[in-house]
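Good morning, and thank you for coming. Please look at the display as we go.

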Amino acid sequence: MVALYEEIAPLGRNITHEEVGRTGAFLLSDMADGITAETLHIDAGYNAMGSPGRMLDRFRSSQSQPQES
């Protein structure tokens, strides 16, 4: 799943623990006092891509091919 997210996410990478921690710190700070009832996605843009569809098929086929060294 982690490799799939990295492949499909618009930023082309996975998130880090530090990114999640910084977001949590922001939400607990006074800087976020006007934010209510929101869903905050910390996923390198994966949520914006919708269903992976054909990209998932391409990912699966690339994972089943022998890797070059």
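Let us begin with aspartate 43, whose side chain has a polar atom 2.8 Å from the backbone nitrogen of asparagine 47. The side chain of aspartate 43 also reaches the backbone nitrogen of glycine 45, at 3.0 Å. Please keep in mind that this is a predicted model.

Where does aspartate 43 lie? It is in the loop between helix 2 and helix 3, the latter covering residues 53-64. Leaving aside residues up to four places away in sequence, aspartate 43 touches Ala9 and Ile15. Leucine 11 is 32 residues from aspartate 43 in sequence, and their C-alpha atoms are 9.1 Å apart in space. Leucine 11 belongs to the loop between helix 1, residues 2-8, and helix 2. With a relative accessible area of 54%, leucine 11 counts as exposed, because the cut-off for that term is over 50%.

Now consider charge. Aspartate 43 is buried, yet it has no salt bridge. Which side chain of opposite charge is nearest to aspartate 43, and how far away is it? It is arginine 13, at 9.4 Å.

Arginine 13 does have a partner, however: its side chain meets that of glutamate 19 in a salt bridge, with 2.8 Å from N to O. A search of the whole structure finds one salt bridge. Are its two members buried or exposed? Glutamate 19 is buried, because its relative accessible area is 18% and the limit is under 20%. Arginine 13, at 33%, is partly exposed.

Let us turn to the surface. Phe26, Leu27, Met31, Ile35 and Leu40 form a nonpolar patch there, and together they have about 490 Å² of accessible area. One of them, leucine 27, sits in helix 2, which runs over residues 17-28. Leucine 27 has 41% relative accessibility and so counts as partly exposed.

Finally, the whole chain. It has three helices and zero strands, giving the pattern α-α-α along the sequence. Of its 69 residues, 14% count as buried. The chain exposes about 5700 Å², and carbon and sulfur atoms supply 54% of that area. Among contacts between residues at least 6 apart in sequence, 61% join residues at least 24 apart.

Definitions and conventions: Residues are numbered from 1 along each chain as its sequence is written. This is a predicted model: local features need pLDDT of at least 70, side-chain atom pairs count only at pLDDT 80 or more; totals for chains, interfaces and linings use all residues. Side-chain values use heavy atoms; hydrogens and water are left out. Patches are made of residues with over 30% relative accessible area and no salt bridge: like charges are joined within 9 Å, nonpolar side chains (Val, Leu, Ile, Met, Phe, Trp, Tyr) within 5 Å. Accessible areas come from the Shrake-Rupley method with a 1.4 Å probe; for residues, only the protein chains shown count as cover. A salt bridge is a side-chain nitrogen of Lys or Arg within 4 Å of a carboxyl oxygen of Asp or Glu. Helices (H or I, at least four residues) and strands (E, at least two) are DSSP runs, numbered from the N terminus. Buried means under 20% relative accessible area, exposed over 50%, partly exposed in between (1.4 Å probe, protein chains only). Lys and Arg count as positive and Asp and Glu as negative; His and the chain ends are not counted. A polar contact is a pair of N or O atoms within 3.5 Å; within protein, one must be able to donate a hydrogen and the other to accept it, and residues adjacent in sequence count only if both atoms are side-chain atoms. Contact means heavy atoms within 4.5 Å.
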